[in-house]
Amino acid sequence: MVTRDLAFWNRRSSAATVFTSLRWTAAHIWTYARAPALGTVLVHIMLGIQPAILIYVVQHLIDAVVEAAGQGAGGFAEALPWLVGYGVTLLLTNEVLWNIRDTLHTRLEQKLSHSLDRRLLAKSTKLPLLFFEVSEFYNRLERARSPGRKLQRLFHYAMYGFQAFIKVVTVAAMFAPVSPWISLAL
């Protein structure tokens, strides 16, 4: 059983099938849920650059604290903007953007489910009742249930991969002036 599954993934036709499915998915997301998809991409870009922003803010915060160490209360004023920047960055990314992302993912699923369920219902109502008694057809129909959720999950995981890529690139760019080896290690 396992070797048969592995043989499936090693065939060239399966790669073509995967790319065809991905193109179909992208076309349907663009057609039926463009606004939530674009919003989701934007939020994931912002979440992807968050570590680089935090590194930058923390670097300057530490420099300001070290510089202000001997100045007393006057030095606190120099460190305060970086401290506020650190808090705002964490608040925006950990609370606001995550809630926006979750809302956009839900809206994306709703729009895709509505449009694709309607298409599935329209196509299945045109079939004669005899098809619903055939177990193979009924199994296919059951596997086709909730296509919006399946497409949204695929898009969700793709966005997490995209976000991780942005994180690695931006953090590597932050460390490139310090040492190219650190960037290469990332």
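**Exercise 1. List the residues that F155 touches, leaving out residues up to four places away in sequence.**

Step 1: Take contact as heavy atoms within 4.5 Å. This is a predicted model, where local features need pLDDT of at least 70, side-chain atom pairs count only at pLDDT 80 or more, and totals for chains, interfaces and linings use all residues. Residues are numbered from 1 along each chain as its sequence is written, and side-chain values use heavy atoms, without hydrogens and water.

Step 2: Read off the partners of F155: I29, A37, T40, V41 and L108.

**Exercise 2. Find the members of the largest nonpolar core.**

Step 1: Such a core is a set of buried Ala, Val, Leu, Ile, Met, Phe, Trp, Tyr and Cys residues joined through side-chain atoms within 4.5 Å. Buried means under 20% relative accessible area, exposed over 50%, and partly exposed in between (1.4 Å probe, protein chains only).

Step 2: The nine residues are I29, A33, A37, L108, L112, L116, L151, F155 and M159.

**Exercise 3. Characterise the aromatic pair.**

Step 1: Ring centres of Phe, Tyr and Trp (its six-membered ring) must lie within 6.5 Å, and planes over 60 degrees apart count as edge-to-face, under 30 as stacked, the rest as tilted.

Step 2: Y56 and W82 sit 5.9 Å centre to centre with 70° between the planes, an edge-to-face pair.

Step 3: Y56 belongs to helix α3 (residues 34-68) and W82 to helix α4, so the pair ties together parts 26 residues apart in sequence.

Definitions and conventions:
Helices (H or I, at least four residues) and strands (E, at least two) are DSSP runs, numbered from the N terminus.
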